[in-house]
Amino acid sequence: MIVLNRVSKSYGDRKVLQDVQFQLESNEFAFLKGKSGSGKSTLIKLLYREIERDSGDILIDGQEIGQMKKYELRRKMGVVFQSFELLERKTVLENVMLAGKVLGKKQTEIENEAVRLLTRVGLAGHLHHFPKQLSGGQQQRTAVVRALLNKPKLILADEPTGNLDRETSLEILTLLKELHEEEGVAMLVITHSEQLIQQMNEKSWVIEGGKVYEL
Amino acid sequence: MSFESLRYIWDDVQSGLKRNKGASLASIILIFVAVTLIGCLLLMRLALEDTITYVESQISMKVYVEEGYDTEQLSSVLAENDFIQSVEVESGDEVLAGLSHFFVNREHLLDSFTNGAMNDAIRVQVTDASLIEEVARSLDGMQGIEAVIYPQEMAQTLYGWINKVDTYGSIITLILLIIACMVAYIAFHLALYQREKEIRVKLLVGANPTHVRLQFLIEGLLLGLVGGIISLFSTFALFELVLQPIEQAVPFLIQLDSSNRIIVFSMQCIVSIVIGIGASFLATRKLIRDV
Ligand SMILES: Nc1ncnc2c1ncn2[C@@H]1O[C@H](COP(=O)(O)OP(=O)(O)O)[C@@H](O)[C@H]1O
Ligand SMILES: [Mg+2]
């Protein structure tokens, strides 16, 4: 699914990633952990090209991502953020449907899928609520559904539990794991909580000193 | 692009304009003011052009032929000159008859000037009235020509006017255009800033940047169109309520062609659309590269 080969990235003099080797199989679930400032977000941003690497190869489905249009690349994946990135003026349903609309899909098709997934994550009663009216966990579930709406083969989650309490965090990670199995989607989930990772008992990688190691 | 995409973009255009009412209104008003003034200036310029053409046609010079010289021959020589449009011979008797109107009951005065006879004259129309002075000077030295008379001051005053209108008109138009563009540009920056997150999220979930940008270009087009259409109405009102009555009262002062109206109105449409789209094009240039 994802292959990183000798990928390096620095900001000015600050070398954040150096010759990173990493891979994630199709339909695989993996955690990526590391101290704050170790370069976790940098790695994920390279994958959806919010920033560009200095050197190395990044392949998704065997295709070099530098050769795709950014929006084509992003249509292959769903991204979940620590800060949810929901639009305040849109309802839960509208926020989710946005992901389908930018692809020009049919309204009814988008709506059906959005309602199905929102119901799946327990938000059927909140379709027409605004993000502010929801708890943190509910907002993040909305964001997860938005990432899944277009049935991508890959989900990238950058500290999706960073703004949530422990219990809600575990709930979100469990949900991601379940959706990974139900929807057949590969997931790379960043978290700095060692405890959560141990509780989940999943394959994990760690970033340290600019390198990525499999644990 | 699919029909659905267009529909979603159109929805976003509507909610975008509604959400940025203040900035949208400011853009519309500025575009309206600028385009109206530009239209009025253009209209006046065109009306003046007609006036000028009219007055020019009235400006002609008179060449007095030396005594004993063959008037017909001279007039055919003149007629061949590239800068001369037409010639018309007036015999000395005709000239005299024309003058005698002014000397009714005092014919002796006229007689004492002219000895009861007058040289022939040739009325000359030049092709380009701005050349009247030069043509006059060159004719003055020609054999067989005694004197050249033309309304020098009137011609010069007229060209002075035209030049002033052209210069100040262009400067004012340019300033207005720049101001209108800037306000529209600022309004779009504001709109982009307010929707920064929305744009960012759209691009992150895989929106085609061209589509995102299209939304703003359409918003620009609409603001321009609305401003432009209102200014069409006000220019039309000026035309009907001010210029038309003047034309009817003093027909020789301004002459309004209906083609003027078409020129002005289409100019206004083009200018306002260009301002609207241009400003949003410039404002959105950066956005698309960033996320
Ligand atoms: N845009 C940027 N410009 C300069 N330095 C940055 C930028 N983004 C991140 N960094 C630095 O790179 C390092 C890694 O950042 P990041 O990938 O966000 O870490 P993490 O997500 O693991 O906390 C940090 O030291 C951070 O200060
Ligand atoms: Mg981070």
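**Exercise 1. Work out whether A:E194 counts as buried, partly exposed or exposed, then find its salt-bridge partner.**

Step 1. Keep in mind that this is a predicted model. The relative accessibility of A:E194 is 37%. Partly exposed covers the range between under 20% (buried) and over 50% (exposed), so A:E194 is partly exposed.

Step 2. Look for the partner. A:E194 makes a salt bridge with A:K33, and their closest N and O atoms lie 2.4 Å apart.

Step 3. A:E194 belongs to helix α7 (residues 194-200) of chain A, while A:K33 belongs to strand β3 (residues 29-33) of chain A. The pair links distant parts of the chain, 161 residues apart.

Step 4. Check the partner's surroundings. A:K33 has a relative accessible area of 12%, so this residue is buried.

**Exercise 2. Find which residue forms a salt bridge with A:E183, and follow the network that contains the pair.**

Step 1. The partner is A:R116, with 3.3 Å between the closest N and O atoms.

Step 2. Now locate the two ends. A:E183 is in helix α6 (residues 166-183) of chain A, and A:R116 is in helix α4 (residues 107-120) of chain A, 67 residues apart.

Step 3. Compare each value with the cut-offs. A:E183 is partly exposed at 25% relative accessibility. A:R116 is partly exposed too, at 38%.

Step 4. Follow the shared partners. Salt bridges join A:E113, A:R116, A:K151 and A:E183 into one network.

**Exercise 3. Decide whether the two ends of the salt bridge between B:R195 and B:E219 are buried or exposed.**

Step 1. Start with the distance: the closest N and O atoms of B:R195 and B:E219 are 3.0 Å apart.

Step 2. Find the elements. B:R195 sits in the loop between α7 (152-194) and α8 (196-204) of chain B. B:E219 sits in helix α9 (residues 209-249) of chain B, and the two residues are 24 residues apart.

Step 3. Read the accessibility. B:R195 is at 2%, so this residue counts as buried. B:E219 also has a relative accessible area of 2%, and is therefore buried.

**Exercise 4. Identify the residues that form a nonpolar patch on the surface with B:I172.**

Step 1. The patch consists of B:Y168, B:I171, B:I172, B:I175 and B:I179. Together they have about 460 Å² of accessible area.

Step 2. Look at one member. B:I172 lies in helix α7 of chain B, and with a relative accessible area of 40% this residue is partly exposed.

How values were computed: Residues numbered from 1 in each chain as written. Chains lettered and ligands numbered in written order. Predicted model: local features only at pLDDT ≥ 70, side-chain atom pairs only at ≥ 80, totals over all residues. Heavy atoms only, no water. Salt bridge = Lys/Arg side-chain N within 4 Å of Asp/Glu carboxyl O. Helix = DSSP H or I, 4+ residues; strand = E, 2+ residues; numbered from the N terminus. Buried < 20%, exposed > 50% of the residue type's maximum accessible area, 1.4 Å probe, protein only. Patch = residues over 30% accessible without salt bridge, like charges linked within 9 Å, V, L, I, M, F, W, Y side chains within 5 Å. Areas by Shrake-Rupley, 256 points an atom, 1.4 Å probe, with all protein chains shown as cover.
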